[in-house]
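Dear colleague,

I am passing on a structure for you to look over, and my notes on it follow directly below. Please read them alongside the coordinates.

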Amino acid sequence: MCLAVPGQVESIHEANGMRMGRVNFGGVIKEICLAYLPDVAVGDYTIVHVGFAISKIDEASARATLQTFADLGLLEEGLADLRDSEPADLANDAP
Amino acid sequence: MKHLAEYRDADTAQRLAAEIRRIVTRPWAIMEVCGGQTHSIIRNGVDQLLPPEVELIHGPGCPVCVTPLETIDKALAIAVQPGVIFCSFGDMLRVPGSRENLVSAKGRGADVRVVYSPLDAVKLAREHPDRQVVFLAIGFETTAPANAMAVKLAARQGLGNFSMLVSHVLVPPAIEAIMRSPGNRVQAFLAAGHVCSVMGTWQYPPLAGRLRVPIVVTGFEPLDLLEGIRLTVLQLEAGRHEVENAYARVVSERGNEPAQEVIAEVFEAVDRAWRGIGVIPASGWRLAKGYREFDAERRFAVGHVTAAESPLCRSGEVLRGTLKPNQCPAFGQECTPRTPLGATMVSSEGACAAYFHSGRFAPAGS
């Protein structure tokens, strides 16, 4: 029910005294009410629920979250490198 | 598509799950409040990636599920009246009332229409000035900005033939009720990301402090869910009870302030009965004084309609996390998505329906 999907604002216009926009959801274009996002601009991504854009996607936060995932990956790979290197180190220590 | 695909990567999901396995030392029970999250968790098997110590309890955040039977019966009583166009989101159509659902009422001649947005219902009222157009306004805080704007627009356009049957519910009072219910097992919450995109996170720190419970605002894609769970487990292991935001690309602390203003103008708090749980104080919204002329319950005088739940249904225990769907004797027997007995089997976001559709018929470990 609270399903809300990201879409990109393609154009902005007025209808019945309300700020509306054409929003692209992976190729499907819908007319969406933008009244609750007075600052949203063409090209921005928004989260849309039952015909209303309720939040503008913050690109910097999105990048930060993806960076967190990448850092976890580095950590994991780092541990893997360590594990891989242990036998070699032991080998080097061997007479 | 951008902002979706990045959060569905299977390798990263495995890495996040491995990280959760690394940090967990003992059993924890975490409730995801939102039905959309339950649906995503079961469909994507997120719970099956988790270590056995981390149990997810599926919360009451499915508005279709918690809408009282009585409200469905009221909707039906209005829908069958002559001259009415009854509008609803599609997922309410098959929810059974005491005797029938909106689809069968339509079959008997009622003019029942599915709308994508409440603005579509306002448009119908404008196009059919000789008919009464009624919109079934259910939902959590996520849906309230849309429903509030529809009423505001109808008022502005002087549409005397538009009204709403309102059954709005709110997340924070439900969190409090769950934590204070006898036998509660929930130790932390994944807060519903889209509810918070509207309301912000500012409502939650007092709740987390008072109830001494970690609350992590979480999104809906598999990686969002795993990241929310990771932050929650970190808090639980450290004995912290704070509000954290694992869905910062969509949720800010202040939320959508223009939306909050319109909600505050159009709605006011009311005690609300939750199907399967009972009455929770100040847990819903109804139309505020200035907009009460748009209240369908008054206009069609259906306030007296009452209804009784099936005695077999144990959805209240499922919603409180004391019973898994497939531990209920009626699950998959008397109760299926085609013949739902109660709250959690009626919508695909309900925990029982999610288990049924994913073929989880046997209790875990049996």
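In chain B, five strands form an open sheet in the order β2-β1-β7-β8-β9, and their pairing is parallel (strands pair if DSSP finds at least two bridges between them; strands are DSSP runs of E with at least two residues, helices are runs of H or I with at least four, and both are numbered from the N terminus). The edges are held by β2 (54-61) and β9 (243-245) of chain B, each of which has a single partner strand, so one side of each is left without a neighbour in the sheet. From one strand to the next the twist averages 25 degrees, where angles run from 0 to 180 degrees between N-to-C directions and axes are lines fitted to C-alpha atoms, for helices over the stretch in contact. Helix α9 (residues 171-180) of chain B packs on this sheet, where it touches β1 (28-34), β2 and β7 (188-192) of chain B, and its direction makes about 150 degrees with that of β1(B); contact here means that the C-beta atoms of two residues, placed from the backbone, lie within 7 Å. Strand β8 (residues 215-218) of chain B is joined to β9(B) by three bridges, the two running parallel, and Val216(B) has Glu244(B) as its bridge partner in β9(B).

Please keep in mind that this is a predicted model, in which local features need pLDDT of at least 70 and side-chain atom pairs count only at pLDDT 80 or more, while totals for chains, interfaces and linings use all residues. Residues are numbered from 1 along each chain as its sequence is written, and chains are lettered from A and ligands numbered from 1 in the order in which they are written.

Chain B also contains an antiparallel pair, in which seven bridges join strand β10 (residues 267-274) to strand β11 (residues 278-287), with Phe267(B) standing opposite Leu287(B) in β11(B). β10(B) and β11(B) form a hairpin with three residues between them, and Gly276(B) in the turn has a positive phi of about 85 degrees.

Helix α1 (residues 10-23) and helix α12 (residues 222-238) of chain B pack at an angle of about 10 degrees, with their axes 10 Å apart. α1(B) and α12(B) are therefore roughly parallel to each other (under 35 degrees counts as roughly parallel, over 145 as roughly antiparallel, 65 to 115 as roughly perpendicular and the rest as oblique). Their contact includes Leu16(B) and Ile20(B) of α1(B) and Leu226(B) and Val233(B) of α12(B), and by class it has eleven nonpolar, one polar and four charged residues; Ala, Val, Leu, Ile, Met, Phe, Trp, Tyr, Cys and Pro count as nonpolar, Asp, Glu, Lys and Arg as charged, and the others, Gly among them, as polar.

Helix α8 (residues 144-156) and helix α13 (residues 257-266) of chain B pack at an angle of about 60 degrees, with their axes 9 Å apart, and that makes α8(B) oblique to α13(B). Among the residues that make the contact are Ala148(B) and Lys152(B) of α8(B) and Val262(B) and Ile263(B) of α13(B), and by class the contact has nine nonpolar, no polar and one charged residues.

Turning to chain A, there are one helix and five strands, which run β-β-β-β-β-α from the N terminus on.

The contact between the chains takes 29 residues from chain A and 42 residues from chain B. On the side of chain A, the elements that give two or more residues are β4 (45-49), β5 (52-56) and α1 (59-93) of chain A, and the largest share, eight residues, comes from α1(A). By class, this side of chain A has 19 nonpolar, eight polar and two charged residues.

Finally, two backbone angles are worth a look. Asn16(A), in the loop between β1 (5-15) and β2 (18-25) of chain A, has a positive phi of about 50 degrees although it is not a glycine, and with 13 C-beta neighbours inside 10 Å it counts as partly exposed. Ala301(B) also has a positive phi of about 50 degrees without being a glycine; Ala301(B) is found in the loop between α14 (296-299) and α15 (315-320) of chain B and, with 10 C-beta neighbours inside 10 Å, counts as exposed.

Best regards

Conventions:
A residue is buried if 20 or more other C-beta atoms lie within 10 Å of its own, exposed if 12 or fewer, and partly exposed in between; C-beta atoms are placed from the backbone.
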